[in-house]
Protein chains: 2
Amino acid sequence: MTKHNRISSEPTLGNPSRRHLLTGSAVALAAGGLAGLSRTTFAGEVEPAAKAVAGKPLPAYVAWKDPASMIVHTSSTLETKRSAFGTSVITPAEQLYIRNNLPAPDASIIADRDAWEVRIEGVAKPSTLSLKQLKGIGLETTAMVLQCSGNGRGLFPTKASGTAWAVGAAGCVVWSGVPVRDLVAALGGVTDGMVYMTGSGGEKIPEGLDPKSVMVERSVPLKAMGDALLAWEMNGAPIPLAHGGPLRLIVPGYTGVNNIKYIKRLAFTLEQTDAAIQKTGYRLSPPGQKGDPSQPSVWEMAAKSWINSPAPEAGVVAAGQTLIKGVAFGGVNAVKGVEVSIDGGESWQAAKFVGPDLGRYAWRQFVLSVKLAPGSYTIASRVTDVLGNQQAERSVENTGGYNNASWRDHALKITVA
Amino acid sequence: MTKHNRISSEPTLGNPSRRHLLTGSAVALAAGGLAGLSRTTFAGEVEPAAKAVAGKPLPAYVAWKDPASMIVHTSSTLETKRSAFGTSVITPAEQLYIRNNLPAPDASIIADRDAWEVRIEGVAKPSTLSLKQLKGIGLETTAMVLQCSGNGRGLFPTKASGTAWAVGAAGCVVWSGVPVRDLVAALGGVTDGMVYMTGSGGEKIPEGLDPKSVMVERSVPLKAMGDALLAWEMNGAPIPLAHGGPLRLIVPGYTGVNNIKYIKRLAFTLEQTDAAIQKTGYRLSPPGQKGDPSQPSVWEMAAKSWINSPAPEAGVVAAGQTLIKGVAFGGVNAVKGVEVSIDGGESWQAAKFVGPDLGRYAWRQFVLSVKLAPGSYTIASRVTDVLGNQQAERSVENTGGYNNASWRDHALKITVA
């Protein structure tokens with residue numbers, strides 16, 4: 001066992017006093033690549049080496065992810081493979097995508113989770129509360145699609161800058177924490193006239209940079225407070241550091257960036273923050289134009305669905321009865337139904353939802369059994385929410401490649417033989 | 001890095017050709033104990049050594065479990081700590097209890113999951129089907145409380161033989177697979193007159209033993225077929241070997257032993273199997289008497305609830321407003337309500353369910369906010385199902401210590417200061 005490992009170059013792995021033999025060695029191997037090696041995955045199985053090392057190795061701070069489930073774009077952008085999405089509604093932490101605007105803070109912030117403090121402003125009684133105190137105020141558990149604003153960017157007809165996500169920058173996750181509305185009530189209510197809920201992340205700002213230019217601070221409309229949580233638990237366990245633990249603002253129905261990790265300040269404000277990530281970033285800018293505050297901010301998600309199986313990457317599909325499976329969600333609304341087309345959108349058949357309904361912000365699994373003769377097919381899905389909003393055929397292209405919910409862009413070409 | 005590790009003595013870890021550097025070393029350390037070491041948990045955090053090594057180390061075949069969440073009774077009996085149960089409804093695989101009647105088969109059975117075969121008998125067209133074929137027949141996803149028949153055994157007033165589980169031999173898990181009713185329909189239906197559904201596990205029978213004396217083969221009433229699955233997925237990932245992958249019979253509402261791991265044969269039968277685990281095992285025998293077929297078999301679960309927080313093991317509770325949290329389920333029926341008592345059952349208050357309702361077989365989280373003055377309290381919970389069945393004050397004591405759903409036995413004594 002060598003003492004020379006790469007952990008010392010990984011600033012996000014935290015407290016040197018808690019780095020020891022097994023952790024250091026395992027993480028170092030993960031960070032250094034596993035070429036030619038097998039490894040034990042989160043599910044406890046021994047994966048053949050070939051499967052485990054396809055693509056880039058997992059970054060050290062998320063070495064606990066299942067390598068067979070992930071596409072590593074960069075150290076801060078990891079996508080879930082389409083083939084890794086199961087049919088159990090929820091997405092396990094080990095398969096969930098990663099998108100960080102700044103490196104995660106030092107792991108020392110999760111050494112004593114209950115000691116984490118958040119400042120609440122724009123209420124009658126502005127206060128600083130510890131996580132331990134928040135736990136005494138109220139409890140709610142919400143299942144929610146967590147989706148990167150840029151999920152589907154790689155499917156737009158015109159290439160946009162940024163990670164070319166297909167469908168895997170999304171997952172359905174269960175969060176547990178205190179409802180923001182209960183917290184606000186305990187502090188005397190929101191100050192009259194406030195228009196936005198503004199959350200600030202606890203990431204460390206790299207030295208020499210103007211904080212406003214890189215800080216993760218986002219404003220959402222005040223109405224989003226209704227179902228928002230300050231959450232400390234994800235899928236039944238304390239929120240992993242890479243996903244925003246010890247405390248994350250959860251804004252159900254809003255894209256990932258609005259769900260502030262390591263939240264250290266929650267303020268009700270008159271104006272949107274002037275941090276660049278809000279002012280010019282995450283705007284729906286006409287292609288070629290830069291972002292500015294006059295353009296819509298990337299907030300609520302649109303109704304969207306896609307097919308996970310069969311998929312072209314799994315190869316030729318055997319002719320005969322086939323189950324077409326996928327996921328469908330309504331953004332801020334519950335879903336009513338989903339249709340599937342096997343002829344590129346010429347005709348549609350109603351698919352069946354399977355599994356428990358986890359609420360309006362969750363996705364639902366769907367399945368349709370079809371008989372496929374040999375040939376080529378373009379398969380697509382289209383969801384309708386309870387308000388009658390139907391998933392769009394086309395999404396509006398924009399400089400950032402945000403909010404692609406186009407059913408046509410998400411259609412898959414498969415071969416049946 | 002030494003080549004001498006304990007993996008070679010672990011028959012359940014499988015194929016030597018797929019044992020390599022990282023796996024071997026990590027597993028060996030896990031199997032050999034982690035005294036004085038920290039380790040990276042499934043959630044990717046570095047756990048202090050003291051927390052990770054409390055109690056016995058994790059057995060090698062479940063080295064991927066979160067050590068901070070588990071109580072290791074023996075290599076085949078691992079319990080979830082009460083403090084590890086979150087409030088997100090589902091129980092992550094890394095926290096889920098383990099109870100194996102026989103060692104898990106060799107991991108080679110999950111090298112090609114789709115190739116696993118199951119024999120279906122007692123139907124018009126008896127057939128052997130591969131997992132790949134099953135996946136084409138139908139799909140259902142069911143959230144379910146998986147609970148060992150002996151969960152709560154350690155809380156009975158009279159000590160029964162077997163693992164002294166408190167509340168942690170249970171979890172709420174999402175399964176995905178083919179409905180048995182769809183499978184049976186595809187095979188022409190159940191043969192007339194059959195009374196039981198009998199599942200046989202694929203565990204290897206130790207040499208020199210009468211197979212009937214140790215094999216895992218259980219019969220349940222035919223009606224249980226209605227919601228049963230042959231499942232290949234748990235919580236969104238292929239079922240881990242330790243939990244019965246690649247294929248497990250799921251009988252919602254029935255205790256753990258009836259959910260046959262590594263299922264290799266599913267038969268509709270006139271009689272219950274004469275395997276010892278059915279004939280004399282898992283019977284509700286009067287205390288001191290041996291099991292025999294005249295006694296009730298351990299099948300359906302009873303309505304049950306318990307409190308996870310505050311718990312005596314977490315120490316003295318601070319006086320003031322406190323959230324009492326727990327889980328409640330109805331066995332084969334959905335739950336209607338749950339009450340909490342802070343005076344040992346003298347008086348009860350209705351608690352509030354929180355989080356999504358995952359269906360009749362799932363548990364629900366509940367919470368009640370109470371103001372506690374300094375003193376001693378006996379806190380208890382009592383669930384009522386939709387048919388009006390109320391959780392019993394006392395469960396019938398029996399030789400095996402099965403089916404303890406007594407609210408009084410599950411009450412907790414806490415100190416408030």
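**A tour of aromatic rings**

Start by selecting Tyr196(A) and Trp299(A): both are buried (under 20% relative accessible area with a 1.4 Å probe, protein chains only; over 50% is exposed, and in between is partly exposed). The model is predicted, so local features need pLDDT of at least 70 and side-chain atom pairs count only at pLDDT 80 or more, while totals for chains, interfaces and linings use all residues. Residues are numbered from 1 along each chain as its sequence is written, chains are lettered from A and ligands numbered from 1 in the order in which they are written, and side-chain values use heavy atoms, with hydrogens and water left out.

Rings of Phe, Tyr and Trp (its six-membered ring) pair if their centres lie within 6.5 Å; planes under 30 degrees apart are stacked, over 60 edge-to-face, and the rest tilted. Over all chains there are 18 aromatic pairs by this rule. Tyr196(A) and Trp299(A) make a tilted one, with centres 6.4 Å apart and 45° between the planes. Tyr196(A) is in strand S10 (residues 196–200) of chain A, and Trp299(A), 103 residues away, is in the loop between helix H6 (276–279) and strand S16 (304–309). Helices (H or I, at least four residues) and strands (E, at least two) are DSSP runs, numbered from the N terminus.

Next, select Trp306(B) and Phe329(B), whose centres are 6.0 Å apart with planes at 85°, so the pair is edge-to-face. Trp306(B) is in strand S16 (residues 304–309) of chain B and Phe329(B) in strand S17 (residues 320–329) of chain B, so the pair ties together parts 23 residues apart in sequence. Both residues, Trp306(B) and Phe329(B), are buried.

Back in chain A, select Phe85(A), Trp306(A), Phe329(A) and Trp363(A), which form one aromatic cluster.
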